[in-house]
Amino acid sequence: MAEEEGAVIELRQRKKPKSSENKESAKEEKINDTPIPERAPKYVLFQRFAKIFIGCLAAVTSGMMYALYLSAYHERRFWFSNRQELEREITFQGDSAIYYSYYKDMLKAPSFERGVYELTHNNKTVSLKTINAVQQMSLYPELIASVLYQATGSNEIIEPVYFYIGIVFGLQGIYVTALFVTSWLMSGTWLAGMLTVAWFIINRVDTTRIEYSIPLRENWALPYFACQVAALTGYLKSNLNTYGERFCYLLMSASTYTFMMMWEYSHYLLFLQAISLFLLDSFSLEQSDKVHEVYKIYIFSLFLGYLLQFENSALLVSPLLSLVVALMLAKCLQMFVPHKEHGHMLKFLEVKFGLNMTKNFTMNWLLCQESLQAPSRAFFLRLTQSSVLPFYTLVLIICFFSMLQVIFRRINGKSLKETVTLEDGRIGERPEIIYHVIHTILLGSLAMVIEGLKYLWTPYVCMLAAFGVCSPELWMTLFKWLRLRTVHPVLLALILSMAVPTIIGLSLWKEFFPRLMTELTELQEFYDPDTVELMTWIKRQAPVAAVFAGSPQLMGAIKLCTGWMVTSLPLYNDDDLLKRNENIYQIYSKRSAEDIYKILTSYKTNYLIVEDAICNEVGTTRGCRVKDLLDIANGHVVCEEGDKLTYSKYGRFCHEVKINYSPYVNYFTRVYWNRSYFVYKINTVISFQS
């Protein structure tokens with residue numbers, strides 16, 4: 001409020017005409033009024049310090065409380081502390097199991113150097129394949145966590161799994177703290193930060209995937225991106241002093257590089273950010289040197305990431321580097337360094353937008369994933385019920401049209417004011433606001449097409465909505481358009497910037513706080529006895545050198561819980577692994593026993609695991625079940641008009657092998673089964689039958 005009152009006083013003073021005589025008389029009056037100049041600066045300084053101190057305390061407290069909330073909720077949901085190690089590990093599903101398994105491998109290694117070498121030359125995970133797991137799976141979080149666990153002596157006081165998930169929960173606390181600070185920087189009041197955190201937590205189903213899969217790369221990376229956005233917001237502010245500018249620049253540099261190291265897809269998100277900065281710079285809405293300094297951070301982070309990620313060519317041909325280098329009039333490297341990642345991305349987008357059709361199993365399987373579908377109505381309903389979407393829409397509209405006014409004013413040759421005051425009502429002239437408007441529009445456009453990207457967009461929806469309702473400048477911009485005359489617009493803007501967020505906060509507290517408390521008091525239980533029995537049987541009965549085949553998701557769990565070698569992994573950035581996944585999934589197709597046997601033995605498989613949930617899948621939309629996609633890829637059903645139908649004389653393998661008749665019993669011997677899993681040993685000596 002002190003800054004806001006100061007702005008009003010400044011406006012009043014600016015209206016009074018001052019001649020040289022008036023200035024002299026003003027000086028004499030100041031000299032005569034001795035108490036005011038001595039006490040006023042100290043009072044203002046103390047008030048600003050108190051405001052910053054309380055805001056920082058609120059930001060840190062919000063982050064800590066959220067981290068503690070996640071820990072308590074995780075304990076209640078999985079009953080984690082009362083479970084055995086095997087049952088805890090089963091809660092890590094799919095690719096999360098792979099990440100955590102390598103963390104365990106690092107802790108078992110005799111030394112850090114030896115552990116890193118075994119991960120970079122790993123031939124104990126996938127049969128007949130040596131992989132650089134650190135590069136391919138971005139395992140830097142696991143390397144850091146293992147070093148911290150041993151270096152801090154935590155191995156004597158806490159179990160490895162608690163240390164691991166504790167770091168991730170701590171990063172989520174940093175995440176909401178960074179969003180808090182960003183909203184605070186934009187609005188000038190830490191009340192906006194409190195509202196940002198409240199909306200983030202209430203809508204956490206749509207703001208984060210931490211509840212479903214803790215070790216995901218995005219859960220490690222996005223907190224650093226939030227810190228980078230907060231630093232960039234401060235860096236773009238026009239009234240920032242030299243020391244603040246240097247601090248923001250250093251924080252932005254460190255967080256950009258760390259973000260890039262933590263997530264293999266980070267450069268795509270930075271590419272969108274670079275587009276936003278380019279548009280900001282194009283209309284001369286901020287000094288070009290600041291934007292170019294950010295470009296330098298991008299290039300440095302990409303280059304350093306390329307070196308430390310074992311010469312990762314994806315970084316050299318990333319659209320981020322292409323854009324930045326082109327903007328800085330340097331030569332693009334895409335002509336010299338080929339990489340297949342973008343080819344897959346382009347094919348996926350072509351099929352996604354209906355520009356092309358494919359029968360490829362992997363492509364269609366990815367398109368059928370829920371995270372790659374368009375957002376459901378329930379998503380928008382949840383955001384509306386929590387009131388964040390309506391206020392976000394209002395704030396975005398006001399900021400966007402104010403930004404357009406500034407652009408048209410610039411195009412028409414009108415100069416912009418060096419300092420924008422509250423009474424001007426031009427929120428669109430602030431460069432940090434323009435950046436966030438462009439960035440949220442880009443992220444929102446992608447989230448409208450692919451639901452999985454909502455986790456990148458929704459946190460900034462919460463932040464932008466909270467900033468807007470707490471910003472007197474936004475309300476003043478609206479009142480300027482409405483030409484409000486009945487009430488003094490500055491006074492009304494100041495009142496609304498306090499009253500509206502207070503009312504929102506009280507309504508959210510009344511409606512959603514009891515729900516959050518109920519989640520912490522209700523005991524939930526993750527119960528999967530069939531998977532526990534399967535893992536126990538493998539550890540007790542299967543030879544150490546055995547190789548298992550099955551769905552990629554199950555293979556990730558086997559790698560984590562038993563350490564046995566598998567034929568495939570739930571990873572989708574490697575051509576060979578994608579092909580393996582498709583081949584292994586043929587156990588759910590209409591192929592002969594001999595075909596399946598040849599596929600499995602080509603990967604040196606000893607045991608096959610058939611999952612009843614996939615074989616008898618009925619829940620998903622028809623056409624997106626694994627067996628439907630396989631039938632389309634194999635030509636056993638008509639996919640498009642004019643396609644040729646290939647009739648299969650064989651039944652579905654996963655059904656036929658359970659009946660135990662020839663020729664299936666000649667190739668496969670059932671050695672274990674329960675309600676969910678059927679395990680078959682691959683016979684080594686076979687007389688092939690036609």
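Colleague: In which handed crossing does α24 pass α25?
Modeller: This is a predicted model: local features need pLDDT of at least 70, side-chain atom pairs count only at pLDDT 80 or more, and totals for chains, interfaces and linings use all residues. Residues are numbered from 1 along each chain as its sequence is written; side-chain values use heavy atoms, without hydrogens and water. A crossing is left-handed if the near helix is turned anticlockwise from the far one by less than a right angle, and right-handed if clockwise. The crossing of α24 past α25 is right-handed.

Colleague: At roughly what angle do the axes of α24 and α25 cross?
Modeller: Axes are lines fitted to C-alpha atoms, for helices over the stretch in contact, with angles from 0 to 180 degrees between N-to-C directions. The two are therefore oblique (angles under 35 degrees are roughly parallel, over 145 roughly antiparallel, 65 to 115 roughly perpendicular, the rest oblique). The axes of α24 (residues 472-482) and α25 (residues 489-521) come within 8 Å and cross at roughly 130°.

Colleague: Which residues in α24 meet α25?
Modeller: Contact means heavy atoms within 4.5 Å. On the α25 side, the partners are P489, V490, L492, A493, L494, L496, S497 and V500. On the α24 side, they are P472, W475, M476 and F479.

Colleague: How many helices and strands does the protein have?
Modeller: Helices (H or I, at least four residues) and strands (E, at least two) are DSSP runs, numbered from the N terminus. The total is 33 helices and 5 strands.

Colleague: What share of the residues is buried?
Modeller: Buried means under 20% relative accessible area, exposed over 50%, partly exposed in between (1.4 Å probe, protein chains only). Of the 690 residues, the buried share is 51%.

Colleague: Within what arc do the buried residues of α6 fall?
Modeller: In α6 (residues 112-120), the buried residues are G115, V116, L119 and T120. They line one face of the helix, because, by the directions from the helix axis to the C-beta atoms, they fall within an arc of 130°.

Colleague: Which helices do the buried residues of α6 pack against?
Modeller: G115 and V116 are among those buried residues. Their packing partners are α5 (95-108), α7 (133-137) and α8 (140-151).

Colleague: How far apart in space are V626 and F361, C-alpha to C-alpha?
Modeller: V626 lies in α31 and is buried, with a relative accessible area of 7%. V626 touches F361, W365, Y585, Y588, I614 and E617, not counting residues up to four places away in sequence. V626 and F361 are 265 residues apart in sequence, yet their C-alpha distance is 8.7 Å.
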